[in-house]
Amino acid sequence: MPLNEDKREIEHLRTYLVRRFVVILIIAGAVEIFLINALNVLIFPIIVRFFGDNISWENGIDNGQMVWFFLALLLELLISGIGSFLPPSAQIATNQLIYRIEDRIFDLIPQLGEVRLLAQMSRGETFVLFGVVLISVLVMIFPIGVAVGVYTGLTTKEVGRIESRREQLRAEEARKRNLMLSDIAHDLRTPITTVSGYAKALADGMVTDEQKKQEYLEAIQNKSARMEELIQLLFEYSKLDSEGFSLKFERVDLAELLRENAAMLYSDVEEAGMEFEIDIPEERCIVKADALQLSRAVTNLITNAIRHNKPGCKILLSLVMEEGVCEIAVADSGAEIPPEIEATLFQPFAVGDQSRSSKGGTGLGLSIAHKVVELHGGNLIVRKWYRGYTKAFYFTLVVLDDID
C-alpha cells in the first residue's frame, strides 16, 4: 500500500473508532442512568426490607450512593455465603470482616441508620438477598457489557474491511509487478536482438563496408546504452519500493537545488530544439529533503518533458514560494496527455508500446518521481493549462524556518 494511502487508512480508522466510541459511550451512559434510577425506585426498597425498619428512607439515596451500596452488599453476601460453610471459629473472622464493610457503608450512606447486620440473617434470607443483589448488579453492568460487545464488533468489522482492502491492493500490486516484468522483457528484447544481430554480422565478416561497420558499431553502442539506462531506472524504482529503504533527510535549499538541475539539463533541452524557461526566486527556500532523490525526481520530470515533446516546445521549471509551502512545477507547451494514459500515468511502463518504441521512454521516470515525492510527504499530480502552458507536473513541500 502506498505511503500516503496507508496514512489515510490509519487516520480514517482512528477517526472512525473515536467517533463510534463517543457515540456508544453516550448511549451506554444514558441507559446506565435509566437503569440505576429504575433500581433505585423498584429494587432498593425491597432490599431495605431485609434490614428492618430503621432505615431513614424519606430522602432516598442518590445514584452514586446506590451503586456503592450494591457493590459493597454483593461483597458482604459473598463473604457471608462462604462463611456459612466454615467452622464456627472461622465464622467469627468473616463476621468481623462483614462488620468493617458495613461500617464503611454506614459512613458512605448515613440514611441507613442502625440496620440489621448480615451476620444476624438466616441462610435462606442471605441466599435470597444475594440473588436480588446479584441480578441488580448484572442489570447495572449490562449496558457496559453491550457497549463493549458492540464496540468490539465494529472495530473487528472495520479492521477486517481494511485488511480486505490491503489484500486487494497486494493482489493488484502483484498483478502490476507481473505486468512490469513482462514489459521489461518487451523493452529489453528489441535492443538485445539488435545488438546480437549486428554483433554476429560483424563477427562473421558479413559486413565489409567500413562505413556500414561504423554504423553497426554505433547502433550496438546506442542499444547497449539504452539497456543500461533501462536497467538503472529499474534498479532505482525497485530500490525506492524495497523494504527498509529510507531517505536521508537534511536541510536543503530547494531554490539552489533546482538551479543546479536546470544547469545540468540545459544543454539537453537546447539539443532537442526546445526553449527552457527557468523561474526560480533568488531567496533561499529551505526544506527537509533528501537532496539526491529529490534531484532525481526533478530531472526525471524535465527529461520526460524533453522526450515526449517535439522541437519548438517550451519547458518551464518554476518554484513558487507561498506562506509555509513551496510549489515546484515542470510544465511544457506540448500536446495534452491522452485521457487513456492520464489515469495510469505514474504506473511503470504506462506510456504504451508505441510511445516506448518511438521515443525511448519507459514510464519508469515518472514512477520514480512520483515515489520520491510521496516519500517526501507530497503528492505529484498533473495539472492542465498551468501559467499558459499546456500541462504541468507539480507538487508542494513544506518550508522550514531559514535558521543558520
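Begin by selecting helix α11, residues 364–375, where eleven of the twelve residues are buried, so that the helix is largely enclosed by the rest of the structure. Bear in mind throughout that this is a predicted model. The buried residues of α11 include L364, L366, I368, V372 and V373, but also S367, H370, K371 and E374. Just after α11, select G377, which takes a positive phi of about 85°.

Next, colour the open sheet of five strands, whose order is β2-β4-β5-β7-β6 and whose pairing is mixed. The edges are formed by β2 (275–279) and β6 (381–386), each of which has a single partner strand, so one side of each is left without a neighbour in the sheet. Neighbouring strands of this sheet are turned against each other by 20° on average, with direction ignored.

Within the sheet, select residues 314–322 and 325–332, that is, strands β4 and β5, which pair in the antiparallel sense over eight bridges. Here L317 stands opposite V330 in β5.

Helix α7 (residues 254–271) touches β2, β4, β5 and β7 (389–398), and its direction makes about 175° with that of β4. Helix α8 (residues 291–307) also packs on the sheet, touching β2, β4, β5 and β7, while its direction makes about 175° with that of β7.

Return to L317 and show its surroundings: leaving aside residues up to four places away in sequence, L317 touches, among others, L258, A262, F276, I278, I280, V298, I302, A329 and V330. Which residues touch the most other members of the largest nonpolar core? They are L254, L258, L317 and L319, in a core of 48 residues. A second, separate core holds seven residues, among them A331, Y386, Y389 and A392.

Finally, select the cysteines. The structure holds zero disulfides. C285 is in none, although the nearest cysteine sulfur, that of C326, is 3.6 Å away; the cut-off for a disulfide is 2.5 Å between sulfur atoms. Is C285 buried or exposed? C285 counts as buried because its relative accessibility is 0%, and C313, at 6% relative accessibility, likewise counts as buried.

Conventions: Residues are numbered from 1 along each chain as its sequence is written. This is a predicted model: local features need pLDDT of at least 70, side-chain atom pairs count only at pLDDT 80 or more; totals for chains, interfaces and linings use all residues. Side-chain values use heavy atoms; hydrogens and water are left out. A nonpolar core is a set of buried Ala, Val, Leu, Ile, Met, Phe, Trp, Tyr and Cys residues joined through side-chain atoms within 4.5 Å. Buried means under 20% relative accessible area, exposed over 50%, partly exposed in between (1.4 Å probe, protein chains only). Contact means heavy atoms within 4.5 Å. Two strands pair if DSSP finds at least two bridges between them. Helices (H or I, at least four residues) and strands (E, at least two) are DSSP runs, numbered from the N terminus. Axes are lines fitted to C-alpha atoms, for helices over the stretch in contact, and angles run from 0 to 180 degrees between N-to-C directions.
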